[in-house]
Amino acid sequence: MSRLRALIADCTAIMTVETAIVAPVLVAMALGTYDVSSIVSRQSELQSAAAEAAAIVQANPPITQAQRDVIRNVLSASTGIPTARVTVTPIYRCDTDPYVTTNTCTASQQTSVFIQLRLIDTYSPFWTSIGAGSPMNYNVLRMVQIS
């Protein structure tokens, strides 16, 4: 009976048990917080890159495909996105018609020319490796009118 009382009175193992229960939860919360901040940071980075590219397009409109390729390569290099996932495309609009990728406007219609900047990226948070959730897909789109 005295051994049982001594065992009940001994509190040295309580802290170990509490730590074993609480530590994994705290680690998961810390990793989740890190991943959420990485997601927000990447979105901000892509939006910033698109805004910078839009400013470049406004300052010096890329008329030729070679000029658009330069902008695409700069966007790819600055964001780390493969060039296949970055597009710099001319878009046309005849009067108030929907946007089209080829200029089909007649001489009597007002033609507006835009440059469409698109950045596509994917981020896989740590929780996707344990089967929870799915990767985050980014699709940043900017339209810049050049005429």
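In this predicted model, D121 stands opposite Y138, a residue of strand 3. Strand 2 and strand 3 are antiparallel partners, joined over 10 bridges. Strand 2 covers residues 111–123, and strand 3 covers residues 136–145. Strand 1 and strand 2 are joined by nine bridges and run antiparallel. Strands of a sheet pair through backbone hydrogen bonds, either parallel or antiparallel.

Together, three strands make up an open sheet with the order 1-2-3 and antiparallel pairing. Strand 1 and strand 3 stand at the edges. Each has a single partner strand, so one side of each is left without a neighbour in the sheet. On average, neighbouring strands of the sheet are turned by 25° against each other, with direction ignored. In a regular strand the side chains alternate between the two faces of the sheet.

Apart from neighbours within four places in sequence, S38 is in contact with Y123 and Y138. S38 belongs to helix 2, which covers residues 12–59. The relative accessible area of S38 is 17%. Buried means under 20%, so S38 is counted as buried.

Helix 3 also lies against the sheet strands. It lies across strand 1 and strand 2 and runs at about 135° to strand 1. Helix 3 spans residues 65–79 and has 15 residues. From the first C-alpha to the last, helix 3 reaches 21 Å. This is close to the 21 Å expected at 1.5 Å a residue. Five residues named in helix 3 are buried: R68, I71, L75, S76 and T79. Where do these buried residues fall when helix 3 is seen down its axis? They fall within an arc of 135°, so they line one face of the helix. The face turned away from this buried side carries A66, V70 and A77, which are exposed. Just after helix 3 comes G80, with a positive phi of about 80°.

The chain also contains a covalent link. The count comes to one disulfide. C94 is joined to C105, with an S to S distance of 1.9 Å. A disulfide is a covalent bond between the sulfur atoms of two cysteines. Which parts of the chain does the pair tie together? C94 lies in strand 1 (residues 86–94), and C105 lies in the loop between strand 1 and strand 2. The pair therefore ties together parts that are 11 residues apart in sequence. The torsion about the S-S bond is about -95°, so the disulfide of C94 and C105 is left-handed.

Are the two cysteines buried or exposed? C94 has a relative accessibility of 4% and counts as buried. C105 has a relative accessibility of 17% and also counts as buried. Leaving aside neighbours within four places in sequence, C105 is in contact with R93, C94 and T111. By contrast, V36 lies 46 Å from C105, C-alpha to C-alpha. These two residues are 69 residues apart in sequence.

The loop between strand 1 and strand 2 also holds D95. The phi of D95 is near 50°, a positive value in a residue other than glycine. How accessible is D95? The relative accessibility is 39%, so D95 counts as partly exposed.

With a relative accessibility of 59%, R5 counts as exposed. Buried residues fall under 20% and exposed residues over 50%, so R5 belongs to the exposed group. R5 and Q65 are 60 residues apart along the chain. Their C-alpha atoms are separated by 85 Å.

How values were computed. Residues are numbered from 1 along each chain as its sequence is written. This is a predicted model: local features need pLDDT of at least 70, side-chain atom pairs count only at pLDDT 80 or more; totals for chains, interfaces and linings use all residues. Side-chain values use heavy atoms; hydrogens and water are left out. Helices (H or I, at least four residues) and strands (E, at least two) are DSSP runs, numbered from the N terminus. The expected span of a helix is 1.5 Å times one less than its number of residues. Buried means under 20% relative accessible area, exposed over 50%, partly exposed in between (1.4 Å probe, protein chains only). The arc is that of the directions from the helix axis to the C-beta atoms. A disulfide is a pair of cysteine sulfur atoms within 2.5 Å. Two strands pair if DSSP finds at least two bridges between them. Axes are lines fitted to C-alpha atoms, for helices over the stretch in contact, and angles run from 0 to 180 degrees between N-to-C directions. Contact means heavy atoms within 4.5 Å.
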